[in-house]
Amino acid sequence: MSTSTATLMDGTALARRTVEETAARAAEVTRRTGVTPCLATVLVGADPASVTYVKMKQNRCAKAGIRSRHVELPAETTTEELVAAITALSEDPEVHGILLQHPVGPHIDERAAFEAIAPEKDVDGVTMASFAAMGFGLPGFVSCTPGGIMRLLDAYDVDPSGKRAVVVGRSAILGKPAGLLLLGRDATVTYCHSRTKDLSSVIREADILVAAVGKPNFIKGEDIKPGAVVIDAGYNPGNIGDVDFASAAERASLITPVPGGVGPMTIAVLLAQTVEGAERQLGL
Ligand code: NAP
């Protein structure tokens with residue numbers, strides 16, 4: 001029997017609301033300009049997981065009144081060819097957001113491909129320009145999963161200001177930007193990674209814990225500070241998070257489930273940023 005005391009942070013419900021708001025904004029863009037916001041998705045090769053992700057994103061676009069344009073390139077595409085395809089989308093006024101599905105294959109310079117995305121169309125927040133803007137606290141698009149985490153905190157009235165935030169994981173698309181966004185909201189941020197010594201004692205100080213490790217049930221309830229807000233961004237095979245949910249829920253005040261927490265917010269932020277991009281590009 002569970003003795004859970006934590007409140008669930010319902011990412012599925014928040015994502016639904018975010019997509020509804022985005023759909024209303026998309027409809028307003030179309031009404032005022034006659035132009036429908038458009039997300040271009042670029043897929044290199046036919047990795048089944050990537051194919052599924054791209055299809056899912058296209059379906060969600062359609063439901064939100066966003067057009068999608070799909071560019072499919074063969075697995076043997078060179079860096080130059082991919083950069084040329086993305087540059088063409090960057091220059092196409094009918095495209096407002098660009099998503100390059102990764103991984104793109106080891107023979108391709110992924111960074112060069114990402115950098116071909118015009119910053120004003122970088123709705124997945126993957127370019128150096130977007131990352132720098134976030135670091136400087138300037139307007140721009142954020143990496144979608146960390147952006148979703150911040151929206152979840154806001155939706156549950158968690159003000160990071162003055163709180164001790166611990167981010168476990170420092171990847172460029174998740175852990176690092178999550179920490180920067182929390183810092184931008186005046187949290188006192190500590191990053192942990194594979195070389196961190198005495199990880200448990202650092203995690204125990206967290207008022208806000210973000211788990212972005214990629215190891216199932218890695219963080220145990222005994223290390224959660226009573227009353228902490230626990231955000232589990234992990235998504236491991238079998239729909240298992242990085243946090244041992246049952247034991248963590250006994251001590252946390254708020255906790256995201258896996259699935260149904262951070263995951264659904266990622267696509268919701270992608271759609272919201274696509275419409276935001278369209279609004280800006282169309283001068284609304
Ligand atoms: P990643 O690039 O593999 O990064 C994992 C991070 O965890 C690294 O910084 C690594 O440290 C750190 N780490 C590994 N072992 C550790 C240990 N024993 N102690 C402390 N830190 C350790 O993974 P990622 O792309 O950030 O993804 C992380 C998780 O989030 C995965 O489960 C992924 O599926 C999930 N994810 C979910 C979404 C979503 O939409 N919900 C989106 C993206 C990712 P080093 O830097 O020292 O190697």
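What covers the buried residues of helix H7? I will come to that after the overall picture.

This is a predicted model, where local features need pLDDT of at least 70, side-chain atom pairs count only at pLDDT 80 or more, and totals for chains, interfaces and linings use all residues. Residues are numbered from 1 along each chain as its sequence is written, and side-chain values use heavy atoms, with hydrogens and water left out.

The protein chain has 10 helices and nine strands; these are DSSP runs numbered from the N terminus, helices being H or I with at least four residues and strands E with at least two. Its radius of gyration is 19 Å, close to the 19 Å that the globule rule gives for 284 residues, so the chain is as compact as a globular protein of that length. That radius is taken over C-alpha atoms, and the rule is 2.2 Å times the number of residues to the power 0.38.

An automatic or database assignment divides the chain into domain 1 (34–125) and domain 2 (144–263). Their centres, over C-alpha atoms, are 29 Å apart.

Of the 284 residues, 47% are buried, meaning under 20% relative accessible area with a 1.4 Å probe, protein chains only.

Now H7, residues 175–184. Its buried residues are Gly175, Pro177, Ala178, Gly179, Leu181 and Leu182. Their cover includes helices H5 (128–136) and H6 (144–155), along with strands S5 (164–168), S6 (188–192) and S7 (208–211). Contact here means heavy atoms within 4.5 Å. After H7 comes Asp186, with a positive phi near 70°.

Conventions: Buried < 20%, exposed > 50% of the residue type's maximum accessible area, 1.4 Å probe, protein only.
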